[in-house]
Every structure is written in structure tokens, then in C-alpha cells.
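Thanks for making time this morning. I would like to walk through one model with you, going slowly over the definitions, and then take your comments.

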Amino acid sequence: MRKAKIWVVVLGIIIVLGIAYNVGTNIYKEKITNELTTYLIQKKGYSEKDLAQVDTTISKAPVVSSTVIFTDEPNAVYFYKPENGGFVQYKEAPAIYDNKQVYKHSELKE
């Protein structure tokens, strides 16, 4: 009976930690998404209407990465990462394969 109680407590702790991690991760992703949106509007001069979609993910490298799709260029995806208190655009890619994509909002040096 004592072993069963220990397993219930351990399982309960694992579930609580899993929920806390998931909620914390979602709050952090939302924070970064909001900060990037604010950065693009205040520092780069875009308006909210210019931003069709801004999403943040947590993965391997870079650990935190955000994608931006601009309203006037729905077939291009721009990738940003937080760096030194701001954001850096580090990659661009076509949303639909098109090797003639122009990337009007590119900040990358050619």
C-alpha cells in the first residue's frame, strides 16, 4: 500500500511539472511574439496591417525563433531570433517553393 501512495505522489508531481512547463513555454512564446511585433512596429516602421502572421517556436537552433509573414508578401516567410535586447532577421524562405522569390522585407546582407 505504501508503494502505491509513493507512485501516486510521483505521478502527480510529474503531471504538475509537465503542465507547468507547457504553460510556461506558451507564456514565453506569446511574450516573444508580442515583443517582436512591437519591435517591427516601433523600430522598423511597420504597421499592424503589414503583419499577416507572427509566430514563435522553441526548438533546437536557434532555441527561440519567430516567423513573420507580411501582408504584401504572403509567399515569403522571414525568420527572426532575439539577440542583444532586440531581434535579428537571420533567414528567409518561400512559403511556396519559388526560386524567383524577391523578399521585399529582407534585412540580410547580400
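**Salt bridges, a patch and a buried histidine**

E83 is partly exposed, with a relative accessible area of 35%, where partly exposed is the range between buried, under 20%, and exposed, over 50%, computed with a 1.4 Å probe and protein chains only. Before I go on, please keep in mind that this is a predicted model, in which local features need pLDDT of at least 70 and side-chain atom pairs count only at pLDDT 80 or more, while totals for chains, interfaces and linings use all residues. Residues are numbered from 1 along each chain as its sequence is written, and side-chain values use heavy atoms, with hydrogens and water left out.

The partner of E83 is K81, and the closest N and O atoms of this salt bridge are 3.7 Å apart; a salt bridge here is a side-chain nitrogen of Lys or Arg within 4 Å of a carboxyl oxygen of Asp or Glu. K81 is also partly exposed, at 24%. Searching the whole structure gives 4 salt bridges.

Another of them joins E35 and K31 at 2.8 Å, N to O, and both residues sit in helix α1, 4 residues apart, or about one turn of the helix; helices (H or I, at least four residues) and strands (E, at least two) are DSSP runs, numbered from the N terminus.

Then there is the bridge between D72 and K104, at 3.8 Å, N to O. This pair links distant parts of the chain, with D72 in the loop between β2 (64-70) and β3 (73-83) and K104 in the segment after β4, 32 residues apart. D72 is partly exposed at 43%, whereas K104 counts as exposed at 54%.

Which residues does H105 touch, leaving aside its neighbours within four places in sequence? H105 is in contact, meaning heavy atoms within 4.5 Å, with Y46, F70, D72, E73, Y78 and Q89. H105 lies in the segment after β4 (86-94) and is buried, with a relative accessible area of 11%.

Back in helix α1 (residues 2-42) we find V23, partly exposed at 43%. Together with L11, I15, I19 and I27, V23 makes a nonpolar surface patch of about 480 Å².

Finally, G45 is in the loop between α1 and β1 (51-58) and is exposed, at 62%. The C-alpha atoms of G45 and A95 are separated by 23 Å, the two residues being 50 apart along the chain.

Technical notes:
Patch = residues over 30% accessible without salt bridge, like charges linked within 9 Å, V, L, I, M, F, W, Y side chains within 5 Å. Areas by Shrake-Rupley, 256 points an atom, 1.4 Å probe, with all protein chains shown as cover.
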